[in-house]
Structures are given as C-alpha cells and as structure tokens.
Amino acid sequence: MTEPGPAGVLEPWEVFRREKDGDPMRHGGSVMAPDAQLALDYARELFGRRQESVRLWVVRRADILDLDDPDLLQPPLDRSFKKPGGYVMRDKLATARDAAGQAKPRARPR
Amino acid sequence: MTDPRALEPVLGESPVTPGKLGGESEDAFLARFEAYLAGGGSVEATDPMPDAYRTAVLRFVEMHANSELMGVLPEREWLMRAPTLRRKLALTAKVQDEVGHAQLLYRVAEDLGKSREAMLDDLLAGRTKFHNVFHYPTRSWADVGIIAWLVDAAAIVAQQALRDSSYAPYARTMRKICWEESVHIMHGRDIVITMVTGTRRQRAQVQEALDRWWGPLMQMHGPRSPRERDLDLRWRIKARTSEELRQEFLTIYVPRIREIGLVIPDPELRFDEVADEWRYAEPDWDELRSVVTNHGPMSEARLAFRRLARDETAWVRDAILAPPRAA
C-alpha cells in the first residue's frame, strides 16, 4: 500500500475499473482522499455501488508516470508502412489477376 | 464449438474466480476451477489457479514468446538487402514489432512463475521449442514476402482464436498483437504482388519460394489431434484445434494465392464440397518432429546467433540491474 500522505491534506487518486471478467482495466475517474484507505472507500462508493465493476485499482495521481511528448508519441514522419492503409494493392492485384487469367475469387468457398 | 461467452446474456456474468479452499485437495480445486472455465470464466495473473492450469498456460505462452523472438532472425537477414528504402523501413518495423511481441509475451509468462532468464536459458539450451517455420533459411527477397504474407497469415489464424483465451492477460496481449500482425500480412502480400507483376525472373522467385514454404506452412499448426484429449482446449487456453486452424488458413488463402497465378505445390489440394473441407497431401510430420527438435536446416545457426546476441548484450542487463553507486 502507498505511504500515507500528510494528515488532513486531500489529494487526487485515479480510479481504474474492470467492468467484467477478462476486460482490461480502464480509467473510470478520480476521487479526492487524504489517505489510501479512504481513497479505496470512496472509489468503491463511486465506481462499485451498482455492481458495475469486478475490480478497482486506485493509484495516487502523483505516482503516475506521465508521457505525452508529441515528439516521442506522434513524430511528424511518414509511418504509413506501419499501418494497413499504407499498402494499396488494388491496381497491382488486378494486373496480377489479368496476367494469370484468374477471376476475382468468391468471398469464401463455403 | 459454441462460444461460451455467447451465453453470457442468458447466464449472466461469470462468477468470481474460485480460490482454493482450506484443506481442499488439488484435484477438488481443479474440478471446481474447470467448472468455472467451462462457464466462460477468465483468469487474471494474481488469481489463484491450479498448478496444472498454470503450467499449461506457461508452456503455451512461453513457446509463443520463443517463436516471436526467434521468428525475427530469418527476416533480419534481409534488412540490409531490402530493395528500397520504404521496404527496408517496413521490414525493420516488422522486426521491431515481433521482438516487441516477444517482450509482451515473456512478460505474460513471467507472471506465471518462470523468470525471463530461465526461459531464455531453456530456449538456448534446446530444452524448449519455437515454431517450425523459423528453422528454415531465407534464400531470396521473395522469401521475405512469402513469410510476411503466408507465415504471418497462418499464425494470425491461430492468434485470432487466442483473443478469447481463458487466461485474460494473454487474451488482451493477443488483441494488440493481432492488430500489428495484420499490417505484416499487408506488407508481405504487397511484396508478393509486386514481384509477380514484375519480371519473369521475379515471378519465378516467388513461385520457388512458395514451393519451399508450402510444406512447413502445412505442418505449422501440427497434426490433427482429438479435441476431447486436448487440455488446452478444455481449459480454453486456446479455442480451436490444429485442423480447424489449417482449414481456415486454406479457406482464406488458397484463393488469394491462386488469384495471382501462383501454383500451390500439392496436386491433391482441393475443396471437398460434400465433406465441406479441404483435402490435401498429408504433411510430412517426420520433418516437423525433426525440425522443432532443433534438427532443422537453420536451427543451430539461429540458436547460435541468439546466444551470441545474448552474450554481447549481457553488459546492458548487468548495468541496468547494478545497484546505484553511492554519490
């Protein structure tokens, strides 16, 4: 459990919740609390009262490592070769098909 | 097979993963756990689970991780020989992706109780296995296309069926991996189609590559095995049998291979409308056995390269794990 903060000082805690068995943990929201135990209690009240969660993770906001540097995450270079849309084969495929004397295949043989 | 999750709307959500009760025998725990899995239940890394299930998931994920790690070696041999800058970027990205998949999967496996170092030791000593297709040489640029298109396609057919694995951390990892693999297939198909619309020699190279890879591709999912004896299926670690995966691969890819004028080197291959399944020449299971036990044409060379890479990067791991020096 996280170390208790200074008494009487509220700070934000982020709440992650799993909606159903097998799902990933998703951010649900946050609560203000003076310590870990109350943060858990508030999280349960806000995100677990209607059986809408099967698991909660509560993390002190200050403990989250944050990275949003666009130079690292969204570099302005052509990365289309990493995406399905980066490969346009329609014309080449038609040429190959014509050369092979093949019709366009049916969707699936069954 | 009926998807157990399809029953959720009528049965409600799965119950909480059962824990082992005080004094309960491992067998009794396993029986209750199996009932939970059969009802569509999923298991998280920190949940209690019977040893047999833990071992089975670990074995499955470990071999998958090994295959991702070893699988980049045949392709890496072509990084410096890619024909254009864009092809080189795409192949480099694919190699990075596959190593990333190995990282994700070793992480999933580590949580089940075996360290990454132990997994690498076992892989490099030949005590654990990696997929048959990565034990063969890559002879031409056409091999890069055939591997990225068809080997990845055969793999993704299997991997898509793992997105609903009962072991939830594996299922979630597979969703990310499948998304990336779909790009690899496009990259490979683009290479193949570009080459078959090129010179006569390029076309012949693609056909020659297909001729060599078809046997290993048909062996890749493994021999038919009875569904009822397969514990991985019973525990929903995986969802489909080897033969189901091979049939789906053939259904999707045979038409696409033939569409561009390539000839599949199996005169017995045909779709049997009555039986509603593909017929094909029996794959060479002796070859599969020999290859996956590291007697394939490139098994030793690839393992030797991986050992070398591990030795040469030991200083990085040592530096990361070293205690901080006093200021």
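**Close-up 1. A salt bridge between B:Asp190 and A:Lys92.** The side chains of B:Asp190 and A:Lys92 meet in a salt bridge, with 2.9 Å from N to O, where a salt bridge is a side-chain nitrogen of Lys or Arg within 4 Å of a carboxyl oxygen of Asp or Glu. B:Asp190 lies in helix 7 of chain B and A:Lys92 in helix 3 (residues 90-100) of chain A, so the pair joins two chains; helices (H or I, at least four residues) and strands (E, at least two) are DSSP runs, numbered from the N terminus. B:Asp190 counts as buried at 5% relative accessibility, whereas A:Lys92 is partly exposed at 23%; buried means under 20% relative accessible area, exposed over 50%, and partly exposed in between, with a 1.4 Å probe and protein chains only. This is a predicted model, in which local features need pLDDT of at least 70 and side-chain atom pairs count only at pLDDT 80 or more, while totals for chains, interfaces and linings use all residues. Residues are numbered from 1 along each chain as its sequence is written, chains are lettered from A and ligands numbered from 1 in the order in which they are written, and side-chain values use heavy atoms, with hydrogens and water left out.

**Close-up 2. A salt bridge between B:Asp152 and B:Lys94.** The closest N and O atoms of B:Asp152 and B:Lys94 are 3.3 Å apart. This pair links distant parts of the chain, for B:Asp152 belongs to helix 6 (residues 141-160) of chain B and B:Lys94 to helix 4 of chain B, 58 residues apart. Both partners, B:Asp152 and B:Lys94, are buried.

**Close-up 3. A salt bridge between A:Glu19 and A:Arg17.** In this pair the closest N and O atoms lie 3.4 Å apart. A:Glu19 is partly exposed, with a relative accessible area of 46%, whereas A:Arg17, at 18%, counts as buried. Over all chains, the structure holds 43 salt bridges.

**Close-up 4. The largest cavity and its lining.** The structure holds one cavity of 30 Å³ or more, and about 50 Å³ of space lies in the largest cavity. On a 1 Å grid over the protein atoms alone, a cavity is a set of points where a 1.4 Å probe fits but cannot get out, and lining residues have an atom within 4 Å of a point. The residues that line the largest cavity include A:Phe81, A:Lys82 and A:Tyr87 as well as B:Lys94, B:Asp97 and B:His187. Helix 4 (85-110) and helix 7 (168-196) of chain B are the elements that give two or more residues to this lining, and helix 4 of chain B gives the most, with four residues.

Close-up 5. Most residues other than glycine have a negative phi.

Methods. 1 Å grid on protein atoms, 1.4 Å probe; cavity = no way out; pocket = protein on both sides within 12 Å on 5 of 7 lines; lining within 4 Å. Points joined across faces, edges and corners; volume = space filled by probe spheres on them.
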